[in-house]
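Visitor: I have a structure to look at and some questions about it. Can we go through them one at a time?

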Amino acid sequence: MIYIFTAACYEASAWIAHFQLKKDVGQTRFQTFYSENAKLCLTVTGAGMISAAAAVSSICTANGAGKGDFLIHAGICAAVGAGRGAAGELFYCHKITELTTGRQFYPDVLYRHGFCEAELVTGAKPWDTSETARAPVFLEEEKPFFLFDTEAAAVYQAGSYFFAPHQMAFFKIVSDCRETAAVTPEQGKRLTGLHMEDLADYVKMLDKAGRKEGQGEPVPEVLLKQLCRDLYCSAAMEASLRQHIRYCILAGIDYEGRILKMYRENGLPCRNKREGKRCFEELKRRLL
Amino acid sequence: MKSLREDCYNSFFSHIYVEQAVKNHPRTKQALARFQDARVIEIGHYKDVFCRRGQDFLQQHRSQKLILAGKPGTLLYPGAAVCPSFGNDHFYYTSCVMNCIYNCEYCYLKGMYPSANIVWFVNLEDFFSETDRMLKQHPMYLCISYDTDLLAMEAVTGYVREWMRFADSREQLKLEIRTKCADRSFFEQTEPVCGVVFAFTMSPQRVIEAYEHGTPSLAQRIDCAAEAVRRGFSVRLCFDPMIYVPDWEAEYDRMLEQIFRKLPAGRLSDVSVGTFRVPQDYLKNMRRQEPDSAVVQFPYQNCGGVYQYPADLAGRMEGYLTKRLAEEIPEDKLFLWKQEG
Ligand code: SF4
């Protein structure tokens with residue numbers, strides 16, 4: 001599943017239209033839209049860090065987000081500094097700084113993309129050259145150019161409870177007013193729409209990548225439980241048998257045949273713990 | 001059809017993270033000049049990137065990034081109990097590069113480090129100073145290629161040659177450079193230095209194909225080791241870790257035959273043998289990272305905090321190989337790893 005988080009409805013509308021997402025009427029706290037086919041779930045968090053973190057943790061907990069899934073945060077931002085970041089330009093953020101704490105977060109940039117990259121700073125309130133620029137992070141470092149928003153650092157921190165750094169991607173589009181993120185809903189819709197094709201291609205690629213992530217072959221639980229009962233296994237013995245079977249599956253060893261043979265030749269189930277221990281040792285030998 | 005790698009992943013070192021403190025270091029400049037297309041991201045401390053929560057080692061390995069940093073504090077460490085000392089009293093190791101461009105499934109680095117990205121400590125002179133400080137107290141046997149394959153990184157770092165130059169004027173220092181790299185040109189273009197031993201890890205081709213991803217073939221390793229021997233370098237062969245595969249006797253037989261057809265046993269410095277073993281905490285992490293790897297999911301036995309093959313299997317494997325090697329190598333040159341205590 002790919003989880004998309006936007007702060008405002010107007011940032012979500014191009015995604016909703018492109019992927020034909022349906023509203024999840026069961027969701028009452030946050031507006032959520034989904035597509036079973038595309039395996040997408042889009043949530044509108046509301047503005048600011050608290051709302052963003054609350055939405056990410058709520059939706060990801062409810063859906064059991066984890067391995068093989070991805071988080072995308074997308075929205076409008078301000079661009080600060082000279083030379084780059086024309087209105088409407090889309091950036092992939094490879095470094096996010098939380099203004100209030102100075103903490104820095106680095107989403108992995110494993111997957112190929114054709115977007116420009118930049119640093120993003122997240123503040124508690126919208127960019128204001130007179131006030132925010134006095135914050136310590138900017139006094140310490142000279143940043144010739146950076147993007148500014150009010151959610152991404154919170155999304156990263158909440159997201160990192162569910163996702164590895166390579167499973168999170170942050171996209172920001174520079175607002176029309178450039179040095180403030182203030183946009184009208186119409187502008188927001190238009191700016192997001194400008195890049196929807198590229199973003200959709202990226203989503204497709206993530207979906208493909210997610211399907212390749214190894215989950216591990218499951219051990220056949222029914223067989224294992226039966227075997228453990230018949231061998232009077234303790235918890236430690238069960239863990240050991242589980243590991244043997246897992247190895248056999250991966251190494252292409254016919255463990256079922258070997259276990260059946262053991263049943264035949266040793267007259268399993270065992271009659272007591274002592275016999276169970278002896279058969280357990282023999283079975284382990286036979287499995288390797 | 002294109003593979004996922006071609007389609008999806010950024011290239012090796014597509015991004016370089018640079019600690020602010022070393023951004024003007026000559027080696028940093030050298031690295032950035034070499035990888036001109038890389039995006040450079042400034043960081044405060046290498047651990048801000050390297051030690052992030054929940055990183056996926058395997059995924060990151062598909063697009064490794066480079067982290068340029070300076071290492072403060074302790075730079076040399078006493079050799080670990082799971083590593084052989086080859087009869088040396090003052091056995092140390094150091095990590096001026098962390099992580100490896102190769103991708104051996106059984107590599108303990110996957111259990112030890114939280115990230116697959118490569119950290120290059122550019123302050124090599126500090127490593128030299130600490131080595132000199134220690135050499136004033138006693139001679140040293142120092143392994144410089146444990147937590148990486150330093151020779152495989154030579155084109156990027158040049159550290160093997162720098163260490164060799166350093167060792168050249170220090171009689172009390174013995175260096176071991178462990179490698180699976182098969183870069184013959186290094187040996188063609190470099191003069192041997194007394195006290196520097198190149199330890200080539202040898203594995204049956206079947207093990208290489210199954211578990212040592214991205215590494216040179218057995219034939220290439222043999223060729224390279226033979227070239228090193230021919231040019232007067234001190235060469236050690238490491239049959240360590242021995243990895244269990246079905247029909248392992250035949251696989252190891254074939255490997256030995258291939259090796260001694262090309263390598264004059266009498267000119268080897270020494271040989272080491274040891275079956276796979278790994279500290280328990282590392283294996284736990286490795287199993288989480290590699291749920292689909294047979295070599296990692298093997299039901300090893302925990303023996304005093306170290307996971308290893310069941311004693312009878314390990315004994316058979318080591319016994320078999322040492323017996324075969326003893327036909328070629330004098331006993332005093334054969335080292336078998338044994339757990340202490
Ligand atoms: S070559 Fe050595 S350090 Fe590199 S991955 Fe393989 S085992 Fe690990």
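Visitor: Which residue is the bridge partner of B:His15 in strand 2 of chain B?
Guide: This is a predicted model, and the pairing is read from its coordinates. Strand 1 of chain B covers residues 15–19, and strand 2 of chain B covers 39–43. The two strands pair in the parallel sense over five bridges. In strand 2, the bridge partner of B:His15 is B:Arg39.

Visitor: What is the order of the strands in the open sheet of chain B?
Guide: The sheet is open, has five strands and shows mixed pairing. Strand 2 and strand 6 (97–98) each have a single partner strand, so one side of each is left without a neighbour in the sheet. These two therefore stand at the edges. The order is 2-1-3-8-6.

Visitor: Over which residues of chain B does pLDDT stay under 50?
Guide: Chain B has a mean pLDDT of 94, and 97% of its residues reach 70 or more. One stretch stays under 50, and the model has seven contacts for it beyond four places in sequence. Where pLDDT is low, the predicted coordinates should not be read in detail. The stretch is residues 1–5.

Visitor: How much area is buried between chain A and chain B?
Guide: In the model, 38 residues of chain A are in contact with 38 residues of chain B. In chain A, A:Tyr106, A:Leu110 and A:Tyr247 lose the most area to chain B, together 21% of what that side buries. Carbon and sulfur atoms give 53% of the total between the chains. That total is about 3200 Å².

Visitor: Which residue of chain A meets B:Arg52 in a salt bridge?
Guide: The rule finds three salt bridges across the interface of chain A and chain B. For a salt bridge, a side-chain nitrogen of Lys or Arg must lie within 4 Å of a carboxyl oxygen of Asp or Glu. In the bridge of B:Arg52, the distance from N to O is 2.8 Å. The partner is A:Asp108.

Visitor: Which helix of chain A gives the most to the side that touches chain B?
Guide: Across the interface, 16 residue pairs are in polar contact. Strand 6 (90–98), helix 4 (152–159), helix 6 (196–212) and helix 8 (235–251) of chain A each supply at least two residues of the side that touches chain B. The residues of that side divide into 16 nonpolar, eleven polar and eleven charged. With six residues, the most is given by helix 8.

Terms used. Residues are numbered from 1 along each chain as its sequence is written. Chains are lettered from A and ligands numbered from 1 in the order in which they are written. This is a predicted model: local features need pLDDT of at least 70, side-chain atom pairs count only at pLDDT 80 or more; totals for chains, interfaces and linings use all residues. Side-chain values use heavy atoms; hydrogens and water are left out. Contact means heavy atoms within 4.5 Å. Buried area is the accessible area (1.4 Å probe) that two parts lose on being put together, summed over both. A polar contact is a pair of N or O atoms within 3.5 Å; within protein, one must be able to donate a hydrogen and the other to accept it, and residues adjacent in sequence count only if both atoms are side-chain atoms. Helices (H or I, at least four residues) and strands (E, at least two) are DSSP runs, numbered from the N terminus. Ala, Val, Leu, Ile, Met, Phe, Trp, Tyr, Cys and Pro count as nonpolar, Asp, Glu, Lys and Arg as charged, and the others, Gly among them, as polar. Two strands pair if DSSP finds at least two bridges between them. pLDDT is the predictor's confidence in each residue, from 0 to 100.
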